[in-house]
Amino acid sequence: MSKLIVRDLTCQRGYNELFNNISFELNSGEILKISGANGSGKTSLLKILAGLNSAESGRLSINNNKVGSYDYQSDIFYLGHLPALSPELHCKENLDYLTQLNNSSSNQALDDAITNVGLKNFEYEYAANLSAGQKRRVVLSALFITQSKVWLLDEPFTALDADGINVIETQITKHSDDGGICVLTTHQKCNLPSLRTLTL
């Protein structure tokens with residue numbers, strides 16, 4: 001059983017306060033969609049939850065482990081809205097790099113993950129040669145490998161076609177069914193079970 005607790009979180013960038021006193025709790029199996037206008041702080045909130053940025057005030061914990069601790073960070077898997085791929089590495093090398101912070105993956109696991117997102121036979125294609133949608137699929141194939149309990153996904157459906165969106169929605173649902181937690185931002189309609197919404 002996992003629990004993510006967010007208490008009185010406030011974020012300020014420069015002279016602008018993006019949000020203040022945000023509080024919520026998520027338990028195993030729950031999915032939270034963060035919505036709001038551009039510039040409302042959706043990405044900033046995810047980065048704070050991921051331990052990449054600091055909040056002005058507030059508290060974060062996963063199973064009583066505070067943000068920044070080894071146990072907290074081990075439970076987090078964050079994917080930003082940018083491709084985050086090295087053009088000089090092929091798909092398999094990029095995926096291995098994306099996931100090695102959380103766990104070591106076998107060659108077969110890497111191959112299977114790439115196949116699962118519809119890129120069979122692209123394992124050794126260099127990222128520089130991929131379309132925007134294919135690059136996004138490579139990044140999202142990490143969701144078939146990571147063992148982290150809490151997924152933080154910033155615009156995961158960007159550049160995906162309908163089939164790609166369905167694949168990722170299915171994997172997020174499986175993660176939830178297996179007791180995981182997911183927090184995501186998206187401007188698209190989601191077909192995810194038990195979806196909660198937080199508007200900034």
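Student: Where is T146 found?

Tutor: T146 is found in the loop between α5 and β7 (150–154), where helices (H or I, at least four residues) and strands (E, at least two) are DSSP runs, numbered from the N terminus. Before we go on, note that this is a predicted model, in which local features need pLDDT of at least 70 and side-chain atom pairs count only at pLDDT 80 or more, while totals for chains, interfaces and linings use all residues. Residues are numbered from 1 along each chain as its sequence is written, and side-chain values use heavy atoms, with hydrogens and water left out.

Student: OK, and is T146 buried or exposed?

Tutor: T146 is buried, with a relative accessible area of 8%; buried means under 20% relative accessible area, exposed over 50%, and partly exposed in between (1.4 Å probe, protein chains only).

Student: What does the side chain of T146 reach?

Tutor: The side chain of T146 reaches the backbone nitrogen of S148 at 3.1 Å. That is a polar contact, meaning a pair of N or O atoms within 3.5 Å; within protein, one must be able to donate a hydrogen and the other to accept it, and residues adjacent in sequence count only if both atoms are side-chain atoms. As for the fold around this residue, the C-alpha atoms of T146 and S105 are separated by 8.9 Å, although the two are 41 residues apart along the chain.

Student: Switching to helices, which residues of α3 are buried?

Tutor: In α3, which spans residues 91–99, the buried ones are C91, K92, N94, L95, L98 and T99. They lie on the same side of α3, because they cover an arc of only 160 degrees around the axis, the arc being that of the directions from the helix axis to the C-beta atoms.

Student: And what do they pack against?

Tutor: The buried residues of α3 pack against β6 (76–79), α4 (107–116) and α5 (132–140), with contact meaning heavy atoms within 4.5 Å. On α5, the buried residues are G133, R136, R137, V138, V139 and L140, and these pack against β6, α3, β7 and α6.

Student: Which residues have the most contacts inside the largest nonpolar core?

Tutor: Those are L143, L153, F157, I168, I172 and L184, in a core of 31 residues; a nonpolar core is a set of buried Ala, Val, Leu, Ile, Met, Phe, Trp, Tyr and Cys residues joined through side-chain atoms within 4.5 Å. At least two residues of this core come from each of β6, α3, α4, α5, β7, α6 (162–177) and β8 (181–185). There is also a second, separate core of 24 residues, which includes F19, L32, A50 and I76.

Student: What is L143 in contact with?

Tutor: Leaving aside its neighbours within four places in sequence, L143 is in contact with F77, L79, W151, L153, I168 and Q171.

Student: How do β7 and β8 pair?

Tutor: β7 and β8 pair in the parallel sense over 5 bridges, where two strands pair if DSSP finds at least two bridges between them. W151 stands opposite C182 in β8, and V150 has I181 as its bridge partner there. On another strand, β6 pairs with β7 in the parallel sense over 4 bridges, with F77 opposite W151. Strand β3 (residues 31–35) is joined to β8 by 4 bridges and runs parallel to it.
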